[in-house]
Amino acid sequence: MTTADYERNQVLSTKEFKVVGTRPIRHDGADKVTGRAIYGADFDAAGLLHGKILRSPHAHAKIVSIDTSKAESLAGVKAVVTYKDFPQVSNSKVDLGEAVTELKWLRDNILASDKALYAGHAIAAVAASNPHVAEEAIKLINVKYEILDPVMTTQEAMSENASILHESLETEELGKNTGVVSNVAKHFQHVKGDIEKGFKEADIILEREYNTKTVHQGYIEPHNGTAIWSPDGRLHIWCSTQGPFVVRESMAKLLDMPMSKIRVTPTEIGGGFGGKIPVYVEPVAALLSKKTGTPVKIVMTRKETFEGSGPTPGSHVKIKIGAKNDGTITAAHAWMAMEAGAYPGSPVGAAAQTVFSTYDIDNALIDGYDVVVNKPKTAAYRAPGAPNAAFGTEQALNELAEKLGMDPIDLRLKNVATEGTRRPDGPVFGKIGAKEVLEAMRDHAHYNAPKQEGHGRGIAIGFWFNVGLDSACNISVNKDGTINLTEGSTDIGGSRTSIAMHAAEVLGIPVEDVNPTVVDTDMIGHTGPTAGSRTTFSTGWAAYEAAQEVKSKCIERAASIWDVDKDFLQMEDGIISSKSDPELKMSFKELANQMSSTGGGISGAAAVNPSGVGGSFCGNIVDLSVDSDTGKVSIERFTVVQDVGKAIHPSYVEGQMQGGSVQGIGWALNEEYFMGDHGSMNNTSLLDYRMPTTLDLPLIDTVIVEVANPGHPFGVRGVGEANIVPPTPAIANAVYDATNKRIQELPLSPGAVLSAE
Amino acid sequence: MQILTDGNKKIQIEGSNIRQVIENLNDQYPGMKDRLVDGDRIKLEISVAIDGEISTLGMIDKVSENSEIHFLPAIAGG
């Protein structure tokens, strides 16, 4: 079948709206394509100083002493800071919007105190009149280290004689502190049914092990932050962040300041994918600004971004699955150890809650281990933990299908989770679309097209929960019937417009009549980070509620103008009218023009924390070829199918689906931290850390499946993350189909493919 | 948490909101409150699911007579 024979971007809609579901031009488009949008590194201010950070060359070392005297005396240097410049407040928990960490770990990750725990760990920082002086100055800082053996993988870290990262870290075993100091922060379990009984019922049992490497989110814009610490004790930060309120709370804890004294302005963001939720350079810029009394800007290099921010973990996963000859899965066991990096907090919890959640399995056991290693503290990366888990489960399912002589989609459909299925971690699914996604894959032209000679085909499916969290939105009506909308969610994938579309739909006005602006933390109610696939769902809901308030006020104003009861009026498609008198009719624009003479300006505001978050399932069909001489894998055709509930702006949804797919393809084929013998990263540039480019990829076909989420006014499910889950196993399954080589370790690089048995 | 519940995976507890459920749980299985609560709120690293939905209200969230409650590790997204 040629590409002309089918629709490349399909929307399987269940409900149509006036504005929702259309594809307007994004409000920030012109600024972005003409280079006018202001990013963090563009920021400038009178008297701006430039900061640079000295980083540890050692992956694991005690810090014996830090001598900054020579750096301080260099001409042009205005200040030097170390961990000692942080207020020494007692330890507490810090809420990062979705994740939690200890204040001491957060502080030590920003400027190390007693130990350097990874190569690239920040030790000290300098503010100088220009970046070159600052760079020279950090070379003059003399740090004495006592070098220790690094542990780089979970296997090393969990071994008996492993070097210990934290002498105070005692292992929590199934909820109980063991008092044993080790690199295992936590071991937990989820149990469903009777695992032994389930395996006894199986006709076939498959047991495999899988490994994934550390990979980075690869956002094009490096971390940056500018701080101005005013003499009256107020602090203003401009930075590239997914969560300005997370930055504010983190800064308040780290600097022991009230939140009301801290203002965070999120600049435009050049990608985040979860990696721009924690703070790195912002507190350092603040400390330097406090010391100098002037603005200080710090911009990471690419090398610093790789070595000094938060990649996603490498992992070691064991999967055991038992099934009957008819394909019914009777039992499943997952054992998963994930690298947290230097401080506890890997995404193994989410991995455990997703590893078998696509399937209705009566008997399941899931063991999760959170393990510290001498690598940067991991951060979130699109559905954190779920791709690592799915790389195992979804390969095992394909192996099982082959052994049972079943089509891999049929095997999945036989066991698929539906409404009412209890997940292995306990909760029962509400309305979900896993079955609909698999059916759309089975029926797609790609799956039914004959494979080209020598090509391999693979499929896989993945799940992500999505989250809600706080969001706020303010709307004010202008006299010409346009509206201004302010919200606090950093716009990563066009969310300004999708949020504006919620308001436009409610008010029945064109989205071009909405002027949406992302504002700073002083100007909007508390809003969680742009993460967890929550922004269109939650901030969109806030816009929906704020618009409902505006709509209600418009009806009240019209009632007062016409001297009728407001209950007899309605507002649809931007027209306020009487339910009984066809003569009484007024447009939103006409009413807006009269608002000053009918009681003053009209505005609406909403702050929400919605439940009813609908999880999302995503599947892939992949065709690829493998060069038998070089081992290079080429993606020939790629289809992504995702249940999105309702696509507010289908183009942006397709963008998320394609973007997640591309990142998954990179993770599958090329990306990894190449670690040297002493625990430092060898490929710290984008030339050597090989992410896919457009030249590496075919056009990616999309199918938007809409199983409306009953928990949202328009049926929205978050769409940003589930799409990175299936690519790695789908590609591994396709490589097996092409080569008969089952590769259980990422990446499937040319060398790995050639050397595989 | 089964360490604290004598290995029981499912427990029937009375209460009209999560606070009452946890208080009653703690009466029956001492130590549960310390495991789940910090001050007067659910620990940040724990989320509560009521009838399959993650609660946004925590301790003050209402539960009905036959509600099913799960205490889960809180998850983070990207």
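**Strand pairing and packing**

Modeller: Strand 12 (residues 184-192) of chain A is joined to strand 20 of chain A by eight bridges, and the two run antiparallel. Strands are DSSP runs of E with at least two residues, helices are runs of H or I with at least four, and both are numbered from the N terminus. Two strands pair if DSSP finds at least two bridges between them. This is a predicted model, in which local features need pLDDT of at least 70 and side-chain atom pairs count only at pLDDT 80 or more, while totals for chains, interfaces and linings use all residues. Residues are numbered from 1 along each chain as its sequence is written, with chains lettered from A and ligands numbered from 1 in the order in which they are written.

Colleague: Which residue in strand 20 of chain A is the bridge partner of A:H187?

Modeller: The partner of A:H187 is A:Y369.

Colleague: And in which sense do strand 19 and strand 20 of chain A pair?

Modeller: Strand 19 (residues 329-341) of chain A pairs with strand 20 in the parallel sense, over nine bridges. Within that pairing, A:W335 has A:D367 of strand 20 as its bridge partner.

Colleague: How many residues of strand 20 of chain A are buried?

Modeller: Eight of the nine residues of strand 20 (residues 364-372) of chain A are buried, which leaves the strand mostly covered. A residue is buried if 20 or more other C-beta atoms lie within 10 Å of its own, exposed if 12 or fewer, and partly exposed in between, with C-beta atoms placed from the backbone.

Colleague: What about the chain overall: how many helices and strands are there in chain A?

Modeller: Chain A has 20 helices and 31 strands. Of its 757 residues, 57% count as buried. The C-alpha trace of chain A spans about 85 × 75 × 50 Å along its principal axes.

Colleague: What radius of gyration does chain A have?

Modeller: Chain A has 27 Å, which agrees with the value near 27 Å for a compact globule of 757 residues. The radius is taken over C-alpha atoms, and the globule rule is 2.2 Å times the number of residues to the power 0.38.

Colleague: Changing topic, where is A:W229?

Modeller: A:W229 is in strand 14 (residues 224-229) of chain A. A:W229 is buried because 25 other C-beta atoms lie within 10 Å. Not counting residues up to four places away in sequence, A:W229 touches A:L235, A:A286, A:S289 and A:K290. Residues are in contact if their C-beta atoms, placed from the backbone, lie within 7 Å.

Colleague: Which residues of helix 3 of chain A are buried?

Modeller: They are A:W105, A:L106, A:R107, A:D108, A:N109 and A:I110, six of the eight residues of helix 3 (residues 103-110). Among the elements of chain A that these buried residues pack against are strand 8 (122-128), helix 7 (244-255) and helix 8 (282-292).

Colleague: At what angle do helix 11 and helix 19 of chain A pack?

Modeller: Helix 11 (residues 386-404) and helix 19 (residues 727-739) of chain A pack at about 35 degrees, with their axes 7 Å apart. Axes are lines fitted to C-alpha atoms, for helices over the stretch in contact, and angles run from 0 to 180 degrees between N-to-C directions. Residues of helix 11 including A:F391 and A:E394 meet residues of helix 19 including A:A732 and A:N733.

Colleague: Turning to chain B, how many of its residues are in contact with chain A?

Modeller: 20 residues of chain B are in contact with 39 residues of chain A. On the chain B side, strand 4 (53-54) and strand 5 (69-73) are the elements that give two or more residues. Strand 5 of chain B has the largest share, three residues.

Colleague: What is the order of the open sheet of three strands in chain B?

Modeller: The order is 4-3-5, with antiparallel pairing. Strand 4 and strand 5 of chain B stand at the edges with a single partner strand each, so one side of each is left without a neighbour in the sheet. Strand 3 (residues 46-50) of chain B pairs with strand 5 of chain B over five bridges, and B:I46 has B:P73 in strand 5 as its bridge partner.

Technical notes
Contact = placed C-beta atoms within 7 Å.
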